[in-house]
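Please look at the sequence and the 3D structure shown below before reading on. The report that follows takes up one part of the chain and then turns to the chain as a whole.

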Amino acid sequence: MAAYDIRVIGDPVLRQKANDVSEIDGALVKLELDENLLGPRTAQTLAAALRRNRTLQFLSLESNDLTLSEAEPSGALALGEMLAHNASLTHLSLWRTRLSSRVGEALADGVCANDFVTFVELGGNMVQTRDERRVADRCASRRARDPSRSPVYARALASTRVRGRAPRR
């Protein structure tokens, strides 16, 4: 399994790295960008790359302000649109990424249109309960069809991660 270890900081630099995701298609399976000061533009670029990527299965964007405190939802909305087209992503973590209820609805729509995603973490955001339920129900129905997509399998995949954290100041 290939993982991409990013230890650079900030939105402008990581926007270029997000473009690289589509260029290394075929090798990248897991990408963790937790706590890397990502913003809406990087989320948009990453969403565009993931529309084309066919190998990435695990994506974590935890603790990044993807909406600039809910003022700029374009990048997070693009992630929702990407979900309707991506055919490889199975695990998406958007914990504490400042998602609004509008973004939550778009993500739920994307997950419901996707036949592959089996785990989505939306906690720590302003996502409406009804949208969290839609996502949870859709993911549960997919896991029921394929036992290898269970939470135990997701935890096993997560335990092999290479963290891409920004250094603490």
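Helices (H or I, at least four residues) and strands (E, at least two) are DSSP runs, numbered from the N terminus. This is a predicted model, in which local features need pLDDT of at least 70 and side-chain atom pairs count only at pLDDT 80 or more, while totals for chains, interfaces and linings use all residues. Residues are numbered from 1 along each chain as its sequence is written, and side-chain values use heavy atoms, with hydrogens and water left out.

Among the buried residues of helix 2 are Pro 40, Thr 42, Ala 43 and Leu 46, where buried means under 20% relative accessible area, exposed over 50% and partly exposed in between (1.4 Å probe, protein chains only). In strand 2 (residues 28-32), five of the five residues are buried, so this strand is largely enclosed by the rest of the structure. The chain passes from strand 2 through helix 2 (residues 40-52) to strand 3 in a right-handed β-α-β crossover, which is to say that, with the strands pointing away from the viewer, the path from the first strand over the helix to the second runs clockwise.

Strand 2 also pairs with strand 3 (residues 58-60) in the parallel sense, over three bridges, and two strands pair if DSSP finds at least two bridges between them. Glu 32 stands opposite Ser 60 in strand 3.

Leu 28 belongs to strand 2, whereas Asp 34 lies in the loop between strand 2 and helix 2. The table gives the accessibility of these two residues.

| Residue | Relative accessible area |
|---|---|
| Leu 28 | 2%, buried |
| Asp 34 | 2%, buried |

The side chain of Asp 34 reaches the backbone nitrogen of Glu 62 at 3.3 Å, and the charged end of Lys 30 sits over the ring of Phe 58, 4.5 Å from its centre (NZ of Lys or CZ of Arg within 6 Å of the ring centre and within 35 degrees of the ring normal). The C-alpha atoms of Leu 28 and Arg 54, which are 26 residues apart along the chain, are separated by 9.2 Å.

For the chain as a whole, the secondary structure comes to six helices and five strands, and 47% of its 169 residues count as buried.

Technical notes: A polar contact is a pair of N or O atoms within 3.5 Å; within protein, one must be able to donate a hydrogen and the other to accept it, and residues adjacent in sequence count only if both atoms are side-chain atoms.
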